[in-house]
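These are my notebook entries on one protein chain. I set down what I looked up, entry by entry.

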Amino acid sequence: MGMNVSRQVDLAENEYLKRFVGKEHIPVYNDEFWNNFLQYHINLPTNSQEQLSLDSRLESLCQNFICHNLSTGNFGSLLSLYLIKVSELLALSDAESTVHIWQTFNALFVIRCLIKYMIETGSEYQLLQHFEATPIKESLQHLQADGTKELDGTSVEHALTVDSRVILDTKAAVAKLVDGSNFETFLEALVNIIVVIPVKEFTYHLHLEAVNCLIVLLSVSQFSQHGTDKSTIFRTIYKCQHANTLMSALLHFLSRMMQAPSTMFGFGSGGSFVFGIAESLWSILTFARKQPDILAAHDLPTAFKEHYPLANQSLLLILILTNHCTTKENPYRISLFGCSDSQDSPKDAVATFKIDFSSLYNTLCRIVTIDQATLLLYLLLHRNQRFYKYVMAQQNLQQLVIPILQTLYHAPDSTSHHIYMSLIVLLILSEDDNFNKTVHQIILKNITWYTERSISEISLGGLLILVVIRTIQYNMLKMRDKYLHTNCLAALANMSGQFRSLHPYVAQRLVSLFETLAKKHVRLDQQLKQSVNGEAGEGDVTVSITAPTSDDMLQDLSVLEEVLRMVLEILNSCLSHQLVYCPNLVYTLLYKRNVFEAFRSHSAFQDIIQNIDMVVGFFSSRLVRVQDQRGELGVNEVLEVISKGASQWSSDRLRKFPDLKFKYVEEDAPEEFFIPYVWTLVCKAGCVHFSSESIKSVTTEISC
């Protein structure tokens with residue numbers, strides 16, 4: 001199977017598929033049919049084009065299925081067969097189960113394709129109808145046993161002999177009550193595959209298919225206009241008693257990052273199987289695969305998705321489960337936020353489950369430049385205090401921080417959401433004083449990806465400052481997002497009291513940031529004055545629609561002044577707490593003292609500039625005295641004077657300001673931000689591809 005590329009007619013004319021979607025009921029005990037039906041091989045679609053190609057081949061069959069299944073109940077027969085095979089798998093040895101797993105996978109793949117089609121084209125209620133549907137003959141006999149002798153004036157015996165139009169008219173009346181019981185049983189078996197069957201090379205794709213099927217089921221929220229609180233599928237999934245076990249399994253799938261085997265179930269994809277199965281019973285399209293270098297730095301998201309699909313899909317499913325239903329008791333959210341390190345010696349009875357934090361941390365360090373990995377890291381750091389403390393205790397923080405800085409540095413290649421979440425992660429990390437000390441103790445050499453300037457050696461803290469400043473400047477030019485500014489500056493502010501041994505270039509960039517903002521402030525202030533004078537001087541003036549109004553400029557000026565004030569507070573915090581350890585910053589302030597001139601009399605900045613002026617005045621006077629004695633001083637001599645003066649400097653001379661401490665607080669109604677974001681990632685980075693025409697809330701880029 002899968003030896004030849006199939007044409008659309010291959011599927012539409014296949015006798016087993018035609019019987020399955022046709023008018024004839026196929027009972028679960030028809031072993032001959034089901035054995036033939038489930039003997040096929042498929043390479044799963046890996047991109048939207050492959051999925052579209054497969055969907056087009058299946059569409060006419062799916063339409064026939066919708067027309068006939070409520071009468072035939074063949075979907076129910078397939079479900080029953082799938083449930084039997086799953087229960088049998090739990091009792092089989094490895095040697096016995098390979099073919100069994102292959103057929104279970106095939107059954108689940110057909111089920112997933114049908115569920116996906118029904119979700120994309122119909123309603124959740126219609127989907128559940130098909131889950132509960134039984135053959136119309138059995139339904140009519142059941143009604144007769146209940147004492148119903150006639151149906152719409154038609155006797156049971158007559159109804160069984162009339163043409164198909166009468167049966168189609170009657171099937172809605174005789175269909176079993178849609179109570180979701182069959183769906184609940186199906187879900188239980190799905191979870192059992194994930195949490196009970198161990199992941200081995202020949203079970204890998206069965207686990208992957210189970211995870212994919214859960215993602216498809218949860219996608220019902222994106223194709224419905226109704227809230228998830230009214231969804232039977234969501235209620236069933238979120239009342240699952242195995243939430244801790246399921247979340248543990250998914251996080252282990254991610255943490256272990258098992259590579260997909262080169263063949264499915266131990267069989268070659270191009271030749272005949274060792275079981276003597278007849279060729280092309282209903283061969284589905286086999287797709288060509290690219291083989292990039294595993295986790296190649298230049299294309300990490302693609303390599304991760306193609307070579308580690310179980311880890312990728314498990315990560316996406318974790319994000320879906322934890323970001324929906326946040327206003328109620330979400331067992332998956334509670335589970336993720338309550339897990340603990342399996343390596344901890346004391347037993348933590350309160351933990352929801354245990355996982356090796358070392359393995360999880362190392363995996364996240366490897367893939368944190370991927371959008372969905374950054375989002376999971378955010379959730380763990382923000383909500384799981386055990387994991388946060390574990391990360392803060394690590395000596396190799398550069399393994400986590402540097403990839404995040406690379407994401408920010410290459411901002412044009414990332415979405416605004418990814419940039420935003422990367423900054424939030426840095427802000428959360430900067431809330432810890434030990435982190436702020438440690439990053440200045442970690443020395444990095446030859447950071448080749450930072451191309452603004454060649455730096456042979458710099459501290460991790462210095463690199464962090466450079467990249468965040470660059471992000472602020474990028475935001476000023478491209479994104480103009482006030483909240484992004486705020487988070488950038490909040491991270492720098494948290495770190496400022498621990499700035500140490502700042503590289504000369506870092507000190508220059510800090511002061512240059514204020515200088516750039518100051519020039520913008522002067523221009524905007526002049527434009528505002530001209531606008532006000534123009535409006536006052538002319539009674540009837542035509543204003544361009546695109547020209548900013550006085551109110552707009554006033555608002556921009558107000559925001560800019562908040563940012564300027566924050567930069568001054570960062571400089572002041574460093575001088576108040578770490579002046580003796582930051583001679584290069586003092587040197588830069590002496591060199592650039594004129595940039596503060598225009599703000600000395602400004603009411604919004606006057607108080608804090610007095611502190612900077614006091615520092616500049618103290619060291620300036622010492623330099624003048626030394627110059628009078630020695631003559632013109634070189635850079636090293638100036639730094640020597642500053643270092644000696646710093647030992648005699650007392651910060652008590654400065655006006656006291658509150659310590660800069662900012663804490664990230666998630667805004668109200670986080671679902672409005674995170675749910676569209678998560679489903680964007682599922683569509684963009686996942687192995688399951690959905691119809692973009694029908695999906696209601698996912699776009700390729702969601703504005704902040």
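In which helix does Glu515 lie? I located Glu515 in helix 26, where helices (H or I, at least four residues) and strands (E, at least two) are DSSP runs, numbered from the N terminus.

**Basis.** I worked from a predicted model, in which local features need pLDDT of at least 70 and side-chain atom pairs count only at pLDDT 80 or more, while totals for chains, interfaces and linings use all residues. Residues are numbered from 1 along each chain as its sequence is written, and side-chain values use heavy atoms, with hydrogens and water left out.

**Glu515, continued.** I noted a relative accessible area of 16% for Glu515, which is therefore buried; buried means under 20% relative accessible area, exposed over 50%, and partly exposed in between (1.4 Å probe, protein chains only). Leaving aside neighbours within four places in sequence, I found Glu515 in contact with Lys592 and Val595, contact meaning heavy atoms within 4.5 Å. I also looked up Asn594, which is 79 residues from Glu515 along the chain; their C-alpha atoms are separated by 9.6 Å.

**Whole chain.** I recorded 31 helices and 6 strands for the protein. Of its 704 residues, 55% count as buried. Among contacts with a separation of 6 or more, 76% come from residues 24 or more positions apart.

**Phe599.** I placed Phe599 in the loop between helix 28 (583-591) and helix 29 (606-630). For the pair Phe599 and Ile609, 10 residues apart in sequence, I noted a C-alpha to C-alpha distance of 7.7 Å.

**Arg565.** I found Arg565 in helix 27 (residues 550-578). Its relative accessibility is 19%, and Arg565 therefore counts as buried. Leaving aside neighbours within four places in sequence, Arg565 is in contact with Ala604, Phe605, Asp607, Ile608 and Phe657.

**Helix 16 and helix 19.** I examined helix 16 (residues 309-323) against helix 19 (residues 371-383): their axes come within 10 Å and cross at roughly 45 degrees. Axes here are lines fitted to C-alpha atoms, for helices over the stretch in contact, and angles run from 0 to 180 degrees between N-to-C directions. That angle makes helix 16 oblique to helix 19, given that angles under 35 degrees count as roughly parallel, over 145 as roughly antiparallel, 65 to 115 as roughly perpendicular and the rest as oblique. The crossing is left-handed, that is, the near helix is turned anticlockwise from the far one by less than a right angle. From helix 16, Asn312, Leu315, Leu316, Ile318, Leu319, Thr322 and Asn323 meet Gln372, Ala373, Leu375, Leu376 and Leu379 of helix 19.

**Helix 21 and helix 22.** I found helix 21 (residues 398-409) and helix 22 (residues 416-429) packed at an angle of about 145 degrees, their axes 9 Å apart. This crossing is left-handed. Val401, Ile404, Leu405, Thr407 and Leu408 of helix 21 meet His418, Ile419, Ser422, Leu423, Val425, Leu426 and Leu429 of helix 22. I divided the residues of this contact into 9 nonpolar, 3 polar and no charged.

**Helix spans.** Helix 29 has 25 residues and reaches 35 Å from its first C-alpha to its last, close to the 36 Å expected at 1.5 Å a residue; the expected span is 1.5 Å times one less than the number of residues. I noted Gly631 after helix 29, with a positive phi near 95 degrees. Helix 5 (residues 74-89) has 16 residues and spans 23 Å, close to the expected 22 Å. Its buried residues include Phe75, Leu78, Leu79, Tyr82 and Lys85.

For Cys325, I recorded a phi near 55 degrees. Cys325 sits in the loop between helix 16 and helix 17 (331-338) and is buried at 15% relative accessible area. For Ser501, I recorded a phi near 50 degrees. Ser501 lies in the loop between helix 25 (482-496) and helix 26 (504-537) and counts as exposed at 55% relative accessibility.

Terms used:
Nonpolar A, V, L, I, M, F, W, Y, C, P; charged D, E, K, R; others polar.
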